[in-house]
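This briefing is meant for a reader who is meeting the structure for the first time. Please look over the sequence and the model, and then follow the points below topic by topic.

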Amino acid sequence: MSASLQSLSNELLKDILDFIEADPERTVSIDRRAYLSVESFRLPSPPVPSQAHDIGSFRLVCRRFAEIGIPYQFAKIATRLSRHGLERLDAICSQSHLAKHTRKFSYLVPYFYVEGGEQIERFLGSNGGYRGQIDPSIFQAKARDQRRILEAKEDARVLRKAMSAFENLQHVQILRLQDESDRMLLEFLQESELPQLESLDLKWTYACMHATSTIAKALLQAKSGFSRFSGPMMNSRSALAIKDRIPRTVPQLASQLTCLELHFDDTDSLNERMRAASELFKTVFSAARNLQAVHVGFPSRSPLDLGLEEVFHSVHWEKLRAFGIQAWRLDADEIIQLARRHQRTLRGLRLRDVQLREGSMWKDVLAMLRMEMEQLDWVSLRRVDYSKHFDELWANSMEVRDGSIEGSESDDEDVFPAHFSAPGSANESEDDYDSEYEPSVADTDHGPDANDIALSPNTTASLPFCTCSRSSNPASADDLGDNGMFVYHHQRKLWEKWVIGRCPEHSCN
């Protein structure tokens, strides 16, 4: 190795590595608009082969380079619940000089085939036309692998070891893993109406519950200092199972959280299950006194028809800076009351796919946000509408993809994928992940003004002076064009600007 390369400072070498892989220490600020999607819901993509090779080659140069490159390889660990995935995780956490750099752990959990592998094989064998597209032995192998892991409790053992080894862990994420064979089988199940399909056992509910409970127990035993949890593909039935199985662990884990993001992606009996889980939510949110960012969402095609406080129970978080909900039927007063509880701290508010019930109007919500929310820097109103109009749109649109009711939505808007797929699977689309934070001058969701932090009060630009006469925005909420029946795409974009573009003199006192 040349002396000139060896003479480069560590800082300069890290700058070089940043061109290959982003700085592992750099994350999105909690109160920025992209946070809820980028930091918590973005599926961990596999390293580009050339990048992984370059970082690996860099670390092989010498001991000094090897140490510098470690954080770029091990700051974020994604592990599949499989024999090979657990073996790899075991190997990593056996080396403390690697494990100490891990800050984010993503657990990729597949559908459980423990009881269904043989049934699937027999069924595909009796349907020769479809058998030509799917090898039934794949599911048999998955079932054997999963059975061995669960019977030996190997996943619990490795997770306990990993959570203890990851001494700087901050963020834990649970994701559903779906490979190409899973996708093809699920498509066939959805398209077919054969009675024997009911016996095919694809258990995401049990898989989600098992993964969540084993992770929770491992974190508690390790006395982990993690502070963020993300579950973008949670199951409502698994929430009920967790409520019954590990109630004493929930408050202890919740008390150390600063960020919590949950998205439930099942639709059957959603209202009843969420109502049954109301006490669990009360326990979690009451114990989580340090929360700074919260998101609770449901499928766009099936908004939750439950009172907001049946989930949040009038809890006030003194440090809350970003709050988001998705797919909910609400009264305007429910949104207003929750926002008022946090008007001194809230910097960002996401109301995605929220449908107002009859008798409520969006202009009342918007007027309150503009006039009373002193700290609000951004608001997201993607696909907000009125409940009656939403139902009319969906009445004959059962095949419309989740989140695609409005065909006029911009491609570079903040995307919250309704269905995630495994890294490298056929469903993976970089647009689903990257559009949340790529800059777009034309899009106020991500343009140069979207994430700006408010100027310091002692700067000249922030001194209170009236801008009403110079603004092209509507002068009052009555001028927003809200008809109480439906919301156009261009309207909600205007409304977002109007809420944030308040007059310094006349908005807040």
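Does Arg383 count as buried or exposed? With a relative accessibility of 8%, Arg383 counts as buried, because the cut-off for that class is under 20% relative accessible area. The model described here is a predicted one, and its chain of 509 residues, of which 53% count as buried, has a secondary structure of 23 helices and ten strands. Among the contacts in the chain with a separation of 6 or more, 83% are accounted for by residues 24 or more positions apart.

**Residues with positive phi**

- Arg383, placed in the loop between strand 9 and strand 10, is not a glycine and yet has a positive phi of about 60 degrees.
- Ser269 also is a residue other than glycine with a positive phi, here near 50 degrees, and it lies in the loop between strand 5 and helix 16.
- The relative accessible area of Ser269 is 42%, and Ser269 is therefore partly exposed, whereas Arg383 is buried.

- Arg273 belongs to helix 16, which covers residues 270–276, and with a relative accessible area of 15% Arg273 is buried.
- When residues up to four places away in sequence are not counted, Arg273 touches Ser236, Arg237, Leu240, Asp266 and Asp268.
- Pro251 has its place in helix 15 and counts as partly exposed, at 30% relative accessibility.
- Leaving aside neighbours within four places in sequence, the contacts of Pro251 are with Thr283 and Ala287.
- Although Pro251 and Ala288 are 37 residues apart along the chain, their C-alpha atoms are separated by 7.5 Å.

**Cavities**

- Rolling a probe the size of a water molecule over the atoms shows where empty space is left.
- The count comes to three cavities of 30 Å³ or more, and the largest cavity holds about 440 Å³ of space.
- The lining of the largest cavity is made up of 22 residues, and those that lie nearest its centre are Thr212, Phe229, Val250, Leu260 and Val284.
- Two or more residues of this lining come from each of helix 13 (204–222), strand 4 (228–234), helix 14 (236–245), helix 15 (249–254), strand 5 (259–264) and helix 17 (278–287).
- Sorted by class, the lining of the largest cavity has 20 nonpolar residues and two polar ones, with no charged residues.

- Helix 11, running over residues 154–165, has twelve residues and reaches 17 Å from its first C-alpha to its last, which is close to the 16 Å expected at 1.5 Å a residue.
- The buried residues of helix 11 are Asp155, Ala156, Val158, Leu159, Ala162, Met163 and Ala165, and what covers them includes helix 6 (83–93), helix 7 (96–99), strand 2 (104–110), helix 10 (137–152) and helix 13.
- In helix 20, which spans residues 362–372, Trp362, Val365, Leu366, Met368, Leu369 and Arg370 are buried.
- These buried residues of helix 20 pack against helix 19 (332–341), strand 8 (348–356), strand 9 (378–380), strand 10 (385–386) and helix 23 (489–500).

**Aromatic pairs**

- A pair of aromatic rings is described by the distance of the centres and the angle of the planes.
- Searching the whole structure finds 15 aromatic pairs, one of which is formed by Phe105 and Phe166, a tilted pair with 6.1 Å centre to centre and 45 degrees between the planes.
- Because Phe105 lies in strand 2 and Phe166 in the loop between helix 11 and strand 3 (171–177), their pair ties together parts that are 61 residues apart in sequence.
- Phe105 is buried, with a relative accessible area of 0%, and Phe166 likewise counts as buried, at 1% relative accessibility.
- The rings of Phe486 and Tyr488 have centres 5.1 Å apart and planes at 75 degrees, so this pair is edge-to-face.
- Phe486 is partly exposed, with a relative accessible area of 23%, and Tyr488 counts as partly exposed too, at 46% relative accessibility.
- Ring pairs also link a cluster that consists of Phe264, Phe281, Phe285, Phe298, Phe312, Trp317, Phe323 and Trp328.

Technical notes
Residues numbered from 1 in each chain as written. Predicted model: local features only at pLDDT ≥ 70, side-chain atom pairs only at ≥ 80, totals over all residues. Heavy atoms only, no water. 1 Å grid on protein atoms, 1.4 Å probe; cavity = no way out; pocket = protein on both sides within 12 Å on 5 of 7 lines; lining within 4 Å. Points joined across faces, edges and corners; volume = space filled by probe spheres on them. Helix = DSSP H or I, 4+ residues; strand = E, 2+ residues; numbered from the N terminus. Nonpolar A, V, L, I, M, F, W, Y, C, P; charged D, E, K, R; others polar. Expected span 1.5 Å × (residues − 1). Buried < 20%, exposed > 50% of the residue type's maximum accessible area, 1.4 Å probe, protein only. Contact = heavy atoms within 4.5 Å. Phe/Tyr/Trp six-rings, centres within 6.5 Å; stacked < 30°, edge-to-face > 60°.
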